[in-house]
Structures are given as C-alpha cells and as structure tokens.
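Okay, thanks for coming, everyone. Let me put the model up and then walk you through a few spots in it.

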Amino acid sequence: MKNNTKKQFSGAFPSVFKKTLKRNMPGWTLLLPSIVLFIVIVWRPIIVGVLYSFFKLNGFHPVGFVGFDNFIKVITDSNFIKTLFNTFKYVIWSLIIGFPLPLLTAVMLNEMLAGKQYFKISTYLPGIIPGIAVCLIWKTLYGEGDGGLLNMLLAKLNMGSATWLADGNKVIPLIVVMMSWQGFGGTLIMYLASLQGINQELYEAARIDGAGFFKRFTHILLPHMSGIILLVLVRQIISVFQVTEQPLIMTDGGPNGASLTLGLTNWRYAFKFGQYEKSLALGVVAFLILIGLSIIYHILDKKIND
Amino acid sequence: MKFNEKTDGLINFSDLKKTRFKLLYWTMFAILIFISLICIIPILWVVISAIKPMDEMYRVPPTIIPESLDFNVLKNAWQKVQFGKYFLNSFILIAGAWVCDVFFNGICGYALSRLKPKGTNLIMTLLFWTMLISGISMVPLYETFVTLGGVGHFWPLWLQAGCNAFNVMLFRNFFNSIPMAYIEAARIDGLSEIKIFFKIIVPLSIPVIMVVTIFSVSHQWSNFMWPYLLLGEDKIPVAVKLFMIDSSENIMDNEKMAIMLFSILPPAIMYCFFSKRIMGGVSMTGIKG
C-alpha cells in the first residue's frame with residue numbers, strides 16, 4: 001500500500017510540475033523584471049545592511065565579525081540619546097502642529113456653502129512645490145536680521161526682531177511648521193473625501209432625536225472618521241520619524257546639534273564621515289523602531305480596510 | 001448666502017436660522033480665509049521677491065511689497081546659472097523614471113492582481129513591508145550602484161522608480177476592479193497574455209496611469225537625495241541645483257528667489273491643468289492605503 005502511493009506520486013510528479021509551470025509561467029514572466037529590481041534595489045540592500053552591521057568594514061568589504069560592537073559604538077555615542085530624543089521631538093511637535101489642523105480645517109471646509117474649490121486649491125498649492133524649494137523658501141522667511149519676512153513683519157508691528165532657526169529651543173517646532181505647511185493640503189483632501197462619505201441621513205436622524213452640534217460631532221462624525229484619522233496618524237509618525245532632508249537643508253543639524261535627527265545622523269555617518277559601520281548599525285536601530293511602528297500600521301490598515 | 005439651501009453636513013439650514021450658528025459659520029469662514037492666506041503668502045513672497053529690484057532688496061529696512069518691478073532679474077538669474085541645462089537634466093530624469101515607473105510597477109501590479117501565479121501572497125507581504133521602510137538601506141544601495149557602475153548615470157534613478165511598492169499596490173487595487181469577464185473573453189478569443197495586457201488592460205487603465213504619472217513626475221521633479229549622491233555637476237536636476245545655489249556666494253538674494261520661482265512654475269502649471277486628477281489621486285491613495 002505504502003509502496004503503491006509512493007510509486008503513484010513519483011509518477012505523477014513531473015506532470016504536476018509541468019502543469020504548475022504552465023499555469024504560472026505567464027504570471028512569473030511578468031513578475032520577473034519587478035522581482036529582479038526589488039531584489040537588487042530594495043530587498044538585498046536591506047539584508048546586506050543588517051548583516052554588515054555586525055562586521056568591521058574596510059570600505060564596503062567586511063573584514064571581521066565584531067558582534068554588537070558597532071551598535072555599542074553608535075548607542076554610546078555622546079549624541080545618540082540627544083538625537084533620539086530630537087527625533088521624537090519632531091514626531092511630537094508634528095502631532096501637535098500638523099495633526100489636528102488638517103482635520104479641523106476639513107470639517108470646517110465641508111460645512112462651507114461657497115469657496116470650497118478655492119480653499120482646496122490654495123491649501124494644496126504648497127504640496128506641489130519641490131521639498132528643496134519649500135525648505136529654501138522657509139529659510140528666507142525665518143531669515144535672521146532684517147532680511148527675513150517674519151522679522152520684517154515684526155518690524156512693521158514695531159517689535160524687535162527675533163532669532164528663529166538659530167535658537168536651539170525653537171528650531172524643531174519651526175521645521176515642523178514648515179513640514180506641516182507642505183503636507184497640509186494632501187491630508188486635508190483625504191479627510192474631505194472621507195467626510196463626504198458620511199451618510200447624511202444619520203445627521204437627520206440625530207437631529208430628530210434632538211442631538212445637538214457637539215453630540216453630532218462626537219457620535220457621528222468622529223466615529224466615521226476614526227479609521228482614516230488613525231491611518232494618517234500612524235503614517236505621519238512613521239514618515240516624520242525618518243526626517244532627514246529638511247534638517248539637512250535648513251540647519252544641517254544645528255544650532256549645536258539641536259535639530260539633528262536619526263536620519264540625518266545616519267546620512268552624516270555614511271556620506272560625510274564615511275563611517276559605514278556606524279551608519280549601518282544606526283540604520284538597524286532605526287529600522288527596529290520603525291518595524292514596531294509599522295506593525296501598528298499594518299494592524300490598523302487591516303482593521304480599517306476590512 | 002443661501003443658508004436655507006444647505007441640507008447636508010454637520011450644520012444645516014435649521015441650525016443656521018439661529019444667530020449663534022450663523023456666527024459659528026462666519027467664524028469658520030474667517031479661519032479658513034486665514035489658513036488659505038498662510039498657505040499662499042510664502043509663495044507670493046517668492047514671486048514678489050523674484051521681481052524686486054536689487055536696491056530694494058538691500059535697503060534698510062527692505063520693502064515687503066516692492067515699489068517697482070524689475071523683470072530683468074528673472075532673465076539674469078536664468079542666464080547666470082545656465083538654468084536651461086538643469087531643466088533638461090530634470091526632464092531626462094523624469095522621462096526615464098516615468099517610463100520605468102508605469103511599465104514595471106504596472107505589469108507587476110497586473111500579475112499580482114489578475115494572473116496570481118504561485119507566490120503572489122509572499123510577494124504581496126514583502127511589498128507591503130518594504131512600502132513602509134525606506135531609509136535603512138541607503139549605504140548598501142549606494143554601494144550596489146557603485147559596483148554596477150551607476151555613478152554619474154541616470155539609469156539607477158530610473159530603475160529605482162521602477163520598483164515602487166506603493167505604485168504596485170495602486171495598480172493592483174485598480175486592476176482588481178476590472179471585471180474578470182473581459183479577460184476571460186479575450187482568452188477564449190485566443191489572445192496571448194501580453195496582448196491582453198496591451199490591448200485590453202492598458203486602455204482601461206488610463207485613470208490609474210494618469211495618477212501614477214502625476215505622482216511620478218512630481219516626485220522626480222523634487223527628488224533630491226539620490227540625484228545628489230549619484231549625479232555629477234553636468235547631470236544634476238533642478239532640485240539639486242537649488243540646494244547648491246543656496247550655499248553659493250555669488251548669487252544675489254533676488255536671483256535666488258527667481259531660481260526658486262523657476263522650480264515652482266512647472267509643477268504649478270501641471271497643477272493648473274490637472275488639479276482635479278491630482279486631488280482625486282491623493283484621496284484615492286489615502287483611502288486604499
């Protein structure tokens with residue numbers, strides 16, 4: 001009996017194999033170029049990056065296994081805690097400045113009888129400007145001395161000029177204001193699309209039941225929006241956590257490291273100081289934190305899309 | 001204002017009969033005006049500063065609204081920086097990246113959505129995770145490009161655009177919505193899979209291709225990090241040139257502003273033509289994640 005099945009199986013195997021091959025060939029052929037690209041450009045670099053972070057490197061060639069040495073070097077670096085703290089400061093400020101504003105604006109905008117299109121277009125305008133140009137524009141707005149627009153406005157109001165990006169306490173919120181300015185319109189439009197999906201009969205029913213403005217807001221609007229709000233929230237946390245370009249252009253991490261982020265430190269290790277081991281180890285540390293955040297995103301996304 | 005016609009939303013006509021809701025409405029309107037001004041003023045500031053004559057720029061105190069206009073600043077800045085060259089570079093970058101973006105991600109999304117060969121689920125999971133994690137592999141990827149001889153060439157940037165997990169998902173979600181019956185019918189008629197893709201799927205996919213195109217073009221126009229790392233002075237696109245101009249000494253402030261204006265104009269023009277599609281695309285990606 002046993003023998004028999006074995007014989008059958010081995011006899012059937014090539015034809016099953018051929019069948020699978022035939023059925024899957026077109027799909028695999030179409031997937032092949034993308035898979036090659038993803039392996040070369042995305043997946044392999046991640047794996048190599050994680051592996052090499054445990055090695056001493058000469059250029060980019062591993063010359064000896066060093067265990068967690070690179071990680072210890074990175075974490076015990078005098079600036080690491082400060083940088084990590086800064087990165088979370090960006091995230092927290094972006095939650096304070098950049099998160100509630102688009103939501104509230106979307107709710108207000110949805111109530112407008114006229115001018116919707118104007119508001120939509122004008123608020124999305126910053127979103128189409130290249131990131132670099134946004135940074136440079138805001139750099140001139142925040143310009144020190146008489147040349148900056150904000151200082152000019154202060155002067156018009158007969159107030160003394162202020163220091164902006166050069167002030168270590170202000171620099172992170174100021175950069176976050178700029179980032180929120182750029183991302184504002186995109187988030188707003190997402191919220192608007194979701195708001196338009198609210199069933200108007202719910203409001204009607206609530207009104208008949210005597211629900212006031214705030215009751216309608218908290219019992220109908222917020223529950224309907226909670227999915228998209230959570231998605232935007234987590235996405236924002238993940239993307240702000242990786243911020244690199246903005247501090248690089250605006251302040252190069254200054255003043256005195258006050259706006260340095262994990263992403264920028266990583267970039268500096270790699271392309272300014274040529275310390276590849278440190279860059280890789282820091283990348284892995286950031287990666288682990290991101291994985292944690294991504295798991296949350298994944299769970300939320302599943303919940304919301306189902 | 002036709003308050004009595006407002007039948008939808010959080011506040012409707014019956015609320016708006018009361019004074020406090022009217023007040024609330026106009027307060028919200030005022031806040032929105034204020035917000036839209038904040039969005040527009042920095043951009044207007046660039047436009048104004050770019051045509052402000054030199055002496056007003058350096059006067060103490062400088063003028064916010066210029067007393068006279070000097071359009072020569074634009075011309076001088078363009079010639080001084082030889083901006084045409086960088087525009088051409090940007091154009092080459094965008095064109096190649098666009099082709100790769102639409103082609104590779106499109107066929108990948110198609111295979112994952114419609115052909116579903118063995119391993120689809122695995123690839124989907126991998127794609128989902130890579131969508132979220134981008135910054136980690138900078139050094140190894142740079143080394144890969146160095147090894148492959150890509151430094152100083154556009155093709156690494158093009159290929160990078162060709163593996164965008166986010167756009168693969170966008171395509172896949174769209175293809176999922178095409179009725180399977182079309183494809184079955186074509187199969188019965190004896191069309192090959194390749195022909196089905198080009199003759200039936202592509203014409204149906206114009207909307208999603210438009211969205212990906214707009215995203216691709218605007219992303220490449222502002223792409224900075226990788227062009228900065230990979231391309232030499234003769235091939236850098238506009239965004240990188242902007243970064244370099246910022247630290248260059250011999251360019252006047254108003255010329256800097258003029259150059260910023262040049263970098264804003266192309267996306268602004270695109271926006272004028274496609275604002276509906278762009279906004280549709282944004283909300284589409286937002287909801288589908």
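**A walk through the two chains**

So, B:K116 counts as partly exposed because it has 13 C-beta neighbours inside 10 Å; the cut-offs are buried at 20 or more other C-beta atoms within 10 Å of a residue's own, exposed at 12 or fewer, and partly exposed in between, with C-beta atoms placed from the backbone. This is a predicted model, where local features need pLDDT of at least 70, side-chain atom pairs count only at pLDDT 80 or more, and totals for chains, interfaces and linings use all residues. Residues are numbered from 1 along each chain as its sequence is written, and chains are lettered from A and ligands numbered from 1 in the order in which they are written.

Back to B:K116: its phi is near 40°, positive in a residue other than glycine. You'll find B:K116 in the loop between helix 5 and helix 6 (120-132) of chain B. Helices here are DSSP runs of H or I with at least four residues, strands are E runs of at least two, and both are numbered from the N terminus.

A:N256 counts as exposed because it has 10 C-beta neighbours inside 10 Å.

Now the hairpin. Strand 1 (residues 55-58) and strand 2 of chain A pair antiparallel over four bridges; pairing needs at least two DSSP bridges. A:L57 has A:P62 as its bridge partner in strand 2 of chain A. Two residues lie between the strands, and A:G59 in this hairpin has a positive phi near 70°.

Last, the chain contact. It takes 82 residues from chain A and 74 from chain B, where contact means C-beta atoms, placed from the backbone, within 7 Å. Helix 1 (residues 2-52) of chain A gives the most to the chain A side, with 19 residues. That side divides into 56 nonpolar, 20 polar and six charged residues. For the classes, Ala, Val, Leu, Ile, Met, Phe, Trp, Tyr, Cys and Pro are nonpolar, Asp, Glu, Lys and Arg are charged, and the others, Gly among them, are polar.

Key: Contact = placed C-beta atoms within 7 Å.
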